[in-house]
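Work through the exercises below with the sequence and the model open. Each task is followed by a stepwise solution.

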Amino acid sequence: MPGKHRSPLLKKPNRPYVALGLEGSANKLGAGIIQHNEDGSIRVLANVRHTYITPPGEGFLPRDTAQHHREWIINVIKDAVAKAGVNLDGLDCICYTKGPGMGAPLQSVALVARTLSLLFNKPLVGVNHCVGHIEMGREITGAQNPIVLYVSGGNTQVIAYSRQCYRIFGETLDIAVGNCLDRFARVIGLSNDPSPGYNIEQEAKKGKRLVALPYTTKGMDVSLSGILTSIESYTTDRRFRPTGAPDDTKEDIITPADMCFSLQETVFAMLVEITERAMAHIGSKEVLIVGGVGCNERLQEMMGIMARERGGQVFATDERFCIDNGIMIAQAGLLSYRMGYQTTLAKSTCTQRFRTDEVHVAWRS
């Protein structure tokens, strides 16, 4: 589905352009192939993903995640190429996640991207992971100039575009919202399949009691580590009852569902507040939610209530494009490539810290 926004700086291609995008900044390994057509539309030719899932109560370590990526990346790329019906010789460029993310997994995928670039003599394009989320979200939803709420396991930012740069209006001062949710899921023993954040969302739907938690917004920023510590303390409260305990129906008890419900309501309210403040500042009527946590239906609902009260609307994508994937890297990388940008082999490194506002967004006016 093509987006409505078309920058005058990015002309319609004189022929179809095709790019391969490789993503592996965390536990999601993705390969996506995208095509930009002469009429300005795009086609998602393939979007293949494989997730490294650990047992309940465990997170994913960089070394083990990198090993997962090394074991699966050839199969994932082969699957993407087969589904797209293209040949690697026919690509215009190969795009990879330069950062931010976990060091070892990033390096594993970057090495494969460099190897393919040399084998098939194709240009490389290093992509900022956050910008990949934004550009795919804009293209799929048709949002024209939205305030962007970027919420994932490693990032929490409120972003607006200005003068060929995505400016960060506010962000987390400590841990990301996805990290907060994932860590609490491990504390209460929720499964990591398909993801701890998704399972918290399902558990929260059964919650009935709102427990007191710190509400920590500081200007345009939020702090989440204290909330995590506070919600974890309820597991040692005398009123706490694990799911299925014999007396978990009593009026004065606190269940895991109650805690998941309370954590979501408090954290999402904070995110809605700082997003609304950014909307008021630039006069925007649009909110685009991107990143893995952006799939959360309750977050979308709360943001939608706020946006409608301001006469605006919320844009969001489903799990195909919201959760880390290769197609978003292909999209942002191909936009850069069509503006003349390439990453030389000598500079085809990756970095754990690569801020959204460091990218020159040359394809927008």
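Buried means under 20% relative accessible area, exposed means over 50%, and partly exposed lies in between. Keep in mind that this is a predicted model.

**Exercise 1. Glu 265 and its surroundings**

Task: Which element holds Glu 265, and which residues does Glu 265 touch beyond four places in sequence?

Solution. 
- Step 1. Glu 265 belongs to helix 7.
- Step 2. The relative accessibility of Glu 265 is 16%, so the residue is buried.
- Step 3. List the contacts. Glu 265 touches Leu 210, Arg 298 and Met 302, leaving out residues up to four places away in sequence.
- Step 4. Inspect the Arg 298 contact. Glu 265 forms a salt bridge with Arg 298, with the closest N and O atoms 2.7 Å apart. Arg 298 lies in helix 8, so the bridge ties together parts 33 residues apart in sequence. Arg 298 is partly exposed, at 24%.
- Step 5. Check Met 302. The C-alpha atoms of Glu 265 and Met 302 are separated by 8.9 Å, and the residues are 37 apart along the chain.

**Exercise 2. Helix 4 against helix 5**

Task: Describe how helix 4 and helix 5 are placed relative to each other.

Solution. 
- Step 1. Take the axes. Those of helix 4 (residues 177-187) and helix 5 (residues 196-204) come within 8 Å and cross at roughly 75°.
- Step 2. Angles of 65 to 115 degrees count as roughly perpendicular, so helix 4 is roughly perpendicular to helix 5.
- Step 3. Name the contact residues. Helix 4 gives Leu 181, Asp 182, Phe 184 and Ala 185; helix 5 gives Pro 196, Gly 197 and Ile 200.
- Step 4. Sort by class. The contact has five nonpolar, one polar and one charged residues.

**Exercise 3. The nonpolar cores**

Task: How many residues does the largest nonpolar core have, and which of them have the most contacts inside it?

Solution. 
- Step 1. The core has 44 residues, and Val 177, Phe 184 and Ile 231 have the most contacts inside it.
- Step 2. Trace the contributors. Elements giving two or more residues include strand 6 (147-151), strand 7 (156-161), helix 6 (225-233) and strand 11 (286-290).
- Step 3. Helix 7 gives the largest share, 11 residues.
- Step 4. Look around Phe 184. Setting aside neighbours within four places in sequence, Phe 184 contacts Ile 200, Leu 228, Ile 231, Glu 232, Met 259, Cys 260 and Leu 263.

**Exercise 4. The salt-bridge tally**

Task: How many salt bridges does the structure hold, and which residues do shared partners join into one network?

Solution. 
- Step 1. The structure holds 15 salt bridges.
- Step 2. One of the pairs is Asp 318 with Arg 320, whose closest N and O atoms are 2.8 Å apart. Asp 318 is partly exposed, at 35%. Arg 320 is partly exposed as well, at 45%.
- Step 3. Salt bridges with shared partners join Glu 171, Arg 355 and Asp 357 into one network.

Terms used:
Residues are numbered from 1 along each chain as its sequence is written. This is a predicted model: local features need pLDDT of at least 70, side-chain atom pairs count only at pLDDT 80 or more; totals for chains, interfaces and linings use all residues. Side-chain values use heavy atoms; hydrogens and water are left out. Axes are lines fitted to C-alpha atoms, for helices over the stretch in contact, and angles run from 0 to 180 degrees between N-to-C directions. Helices (H or I, at least four residues) and strands (E, at least two) are DSSP runs, numbered from the N terminus. Angles under 35 degrees count as roughly parallel, over 145 as roughly antiparallel, 65 to 115 as roughly perpendicular and the rest as oblique. Contact means heavy atoms within 4.5 Å. Ala, Val, Leu, Ile, Met, Phe, Trp, Tyr, Cys and Pro count as nonpolar, Asp, Glu, Lys and Arg as charged, and the others, Gly among them, as polar. A nonpolar core is a set of buried Ala, Val, Leu, Ile, Met, Phe, Trp, Tyr and Cys residues joined through side-chain atoms within 4.5 Å. Buried means under 20% relative accessible area, exposed over 50%, partly exposed in between (1.4 Å probe, protein chains only). A salt bridge is a side-chain nitrogen of Lys or Arg within 4 Å of a carboxyl oxygen of Asp or Glu.
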